[in-house]
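Please have a look at the sequence and the structure first.

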Amino acid sequence: MPKDPSELSTWSHVKYFGSNLFLRGLLLGARLLPYRFRVPLMGRMVTALGRLAGFDKRVRQNLAHVSPELAELDPDQLYREVSNNAGRMIAELYAGQPFYERAHAAPFRGPGLKALEEARAQGRPVLLATAHFGNYDAARAALVARGHEMGSLYRRMANPYFNAHYVDAMKSNHGLMFEQGKRGMVELVRHLKKGGIVAIVTDLHAHGGAWIDFFGKPAVTSTVPAELALKYNAAVIPVYAVRQENGLDFEIVMNAEIPHSDPLTMTKALSADLESIVRKHTGQWFWIHRRWKPVGARNAEPMPTEAKTN
């Protein structure tokens, strides 16, 4: 978890304040352009800036670490696709109505939409499992447009100045936001108990999580979504917003509901579901994440013998 702003040093505050001014300037400047030019421009700018930050090396390292069958992918091309998508996401988050119009027009595919509607008709709570893929805000906006109001669990950004307006931008999309932490979890559980819908990203390294294979390598993964689903009888439905070839439109993919069993089995199923869609659209997942941290990473559950690698 990022440090509380009160725990940051003076230098950290100065550094974060300066970087926020720079990023806000980029965003405000980009808003002077029409949406169809603004979004791809931000994609190209983030690609260039990401190289300065060494994100292309992170993509290369992650790609080299995972399944051998991905060896044929060009790391430079993958970095360009990943960073371009990330830049487009940032522009879209702050775009307002032009983005919502694209998201609201997105077609739906997969059995998950029917499962969601059936759960809502029964008054049953729903956990929508998503990831840093495509643009998850497009999926939320598309579902809100269909009358499915929802809350979302989010992790506070390290930069407190950027985090403030970033959260405001997300709230303008769908309202309810639960910050990761004790208070946020209390609010999230209260929302579930009322039969509400909550969206949770499942692809971050989670302290205290379980070692679960992702692209053939163990990654610490939170079992909390599955535990909540079992405790409150919530439907667990994977949902993704797949960016289309024109770079501006989306298709909302809602896969089959994950059957209730036990937290580990359900979490493995969610991880496998995400991997399957990333294999189809490799450049739309955020390969810049430190998703695979070393075995023995701090606060991880002990790694089971059968999952250990040489």
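Let me begin with helix α7, residues 136-145, which is largely enclosed by the rest of the structure because nine of its 10 residues are buried, where buried means under 20% relative accessible area, exposed over 50% and partly exposed in between, with a 1.4 Å probe and protein chains only. Among the buried residues of α7 are Tyr 136, Asp 137, Arg 140 and Val 144. Helices here are DSSP runs of H or I with at least four residues, numbered from the N terminus.

Before going on, a word on the source: this is a predicted model, in which local features need pLDDT of at least 70 and side-chain atom pairs count only at pLDDT 80 or more, while totals for chains, interfaces and linings use all residues. Residues are numbered from 1 along each chain as its sequence is written, and side-chain values use heavy atoms, with hydrogens and water left out.

Turning to the surface, Phe 22, Leu 23, Leu 49 and Leu 52 form a nonpolar patch with about 390 Å² of accessible area together, the patch being made of residues with over 30% relative accessible area and no salt bridge, and nonpolar side chains (Val, Leu, Ile, Met, Phe, Trp, Tyr) being joined within 5 Å, like charges within 9 Å. A salt bridge is a side-chain nitrogen of Lys or Arg within 4 Å of a carboxyl oxygen of Asp or Glu, and accessible areas come from the Shrake-Rupley method with a 1.4 Å probe, only the protein chains shown counting as cover for residues. Helices α1 (10-30) and α2 (35-52) each supply at least two residues of this patch.
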